[in-house]
Amino acid sequence: MDIHRSFAQVAFLVDGQVTKEARVDLAHDRFLKFAKTLEPTDEVVIEATGNSSAVERVLRPFVKRVAVANPRLVRAIAYARVKTDKIDAVILARLHAAGFLPEVWVPDDDTIRRRRMVTERSGIVEHMVRVKSRIHAILHGNLIPKYEGCLFSKAGRAWLARLPLPSEEQAILARLVAELERVSAQLTEIDKRIAQQALDDPQACRLMTIPGVGTVVALTVLASIGTISRFPTSEKLSSYFGLTPTTQQSGDHPARHGRISRQGNAAARAVLVEAAWSAKMAPGPLRAFFNRVQKKAGAGAAAVATARKLAVLIWHVLSDDRDYAYARPAFTAMKLRKAALKAGAPREYGKAGPGRDYWIKEIRQREAEYVERTERAYERMVEAWKERPSAPAG
């Protein structure tokens with residue numbers, strides 16, 4: 001099936017021969033009626049596109065299997081000078097029959113729901129950034145000096161309301177502030193749902209033992225991965241996130257490695273880079289790694305390299321089903337308690353909660369000293385690499 005926004009071109013292939021061609025409306029009721037005409041032994045091939053998950057979900061109960069093809073690789077394998085919907089449908093069928101179809105993994109319904117939720121959060125955050133940028137543009141355009149403090153706090157918004165601006169721009173500013181409050185409420189609500197789901201998932205709780213990984217990062221990564229068994233090695237997972245370098249090699253020339261591929265899941269890659277910046281602030285091997293790369297290639301490259309290191313750690317944590325080796329128990333308990341409060345758990349006054357150890361100075365200091373020792377051990381290991389004599393020529 002070569003699917004489009006409103007219709008799909010269908011080619012029926014039996015024993016290598018096209019026996020029938022049809023055009024099917026993708027309106028839900030009419031498409032469901034078509035799906036019921038298929039046989040339980042049929043295999044359907046579609047390309048991954050915006051509505052492919054909906055098409056797959058409707059077809060799934062009525063056929064043996066729905067294969068979803070990678071459109072980029074299909075074009076590379078079956079490039080044709082003459083391209084029509086009928087030809088595309090037949091090519092998909094023939095590639096699948098020959099065993100040459102480059103397929104993509106089809107997520108289950110729970111993973112799809114998670115992906116929609118984290119995508120919705122990403123859209124809300126992007127909208128908030130645009131609104132804040134417009135507010136800053138109004139201040140810059142009227143020579144208003146920078147506010148000392150958080151501009152979008154309660155005090156900052158009161159300061160915005162008192163600014164001597166022209167009436168038209170004051171009205172625009174008021175609308176933008178009101179829009180920011182509305183979108184902030186939506187973000188709070190979706191963050192609450194994400195925190196609830198993360199706390200109910202043992203894998204997400206394990207990921208949160210890694211420095212820099214919170215509820216949003218954990219759930220975004222899990223929504224992207226689906227199941228860790230899809231990735232036999234940590235390098236495969238890093239490549240899926242688009243965090244591995246591109247490589248070019250031809251003939252007798254040595255391989256050249258360039259920038260990261262950026263071919264994987266963009267949302268997961270973005271949150272891992274954000275997590276890398278947070279991990280830089282916590283003592284431990286990750287901070288030592290970040291600082292080492294920063295001295296050599298700059299902070300931006302260090303953040304991307306640390307994001308790839310985080311992807312490797314995530315693979316080991318999920319594959320081995322155990323916590324991060326250098327986790328700080330008191331700090332992790334405090335992180336989980338904050339997530340529980342965000343998820344709507346009641347505050348408990350007058351009794352020690354699960355995160356109380358973090359607020360005991362001796363315990364907090366003891367854990368910090370432990371991970372600082374691991375950081376120094378990493379630095380000594382790197383120094384040993386530098387001191388190793390180079391291999392003799394020839």
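Which residues of the largest nonpolar core touch the most other members? They are L207 and L272, in a core of 57 residues. This is a predicted model, where local features need pLDDT of at least 70 and side-chain atom pairs count only at pLDDT 80 or more, while totals for chains, interfaces and linings use all residues. Residues are numbered from 1 along each chain as its sequence is written, and side-chain values use heavy atoms, leaving out hydrogens and water.

**The cores**
- A nonpolar core is a set of buried Ala, Val, Leu, Ile, Met, Phe, Trp, Tyr and Cys residues joined through side-chain atoms within 4.5 Å; buried means under 20% relative accessible area (1.4 Å probe, protein chains only).
- Another core, of 18 residues, lies apart from it and includes L38 and V66.

**Meet L272 and V221**
- Beyond its neighbours within four places in sequence, L272 is in contact (heavy atoms within 4.5 Å) with residues including V217, V221 and F241.
- V221 sits in helix α9 and is buried, with a relative accessible area of 0%.
- With the neighbours within four places in sequence left aside, V221 is in contact with L207, F241, L272 and I314.

**Helix α12**
- The buried residues of α12 are P285, L286, A288, F289, F290 and V293.
- Just after α12, G298 has a positive phi of about 100°.

Conventions:
Buried < 20%, exposed > 50% of the residue type's maximum accessible area, 1.4 Å probe, protein only. Helix = DSSP H or I, 4+ residues; strand = E, 2+ residues; numbered from the N terminus.
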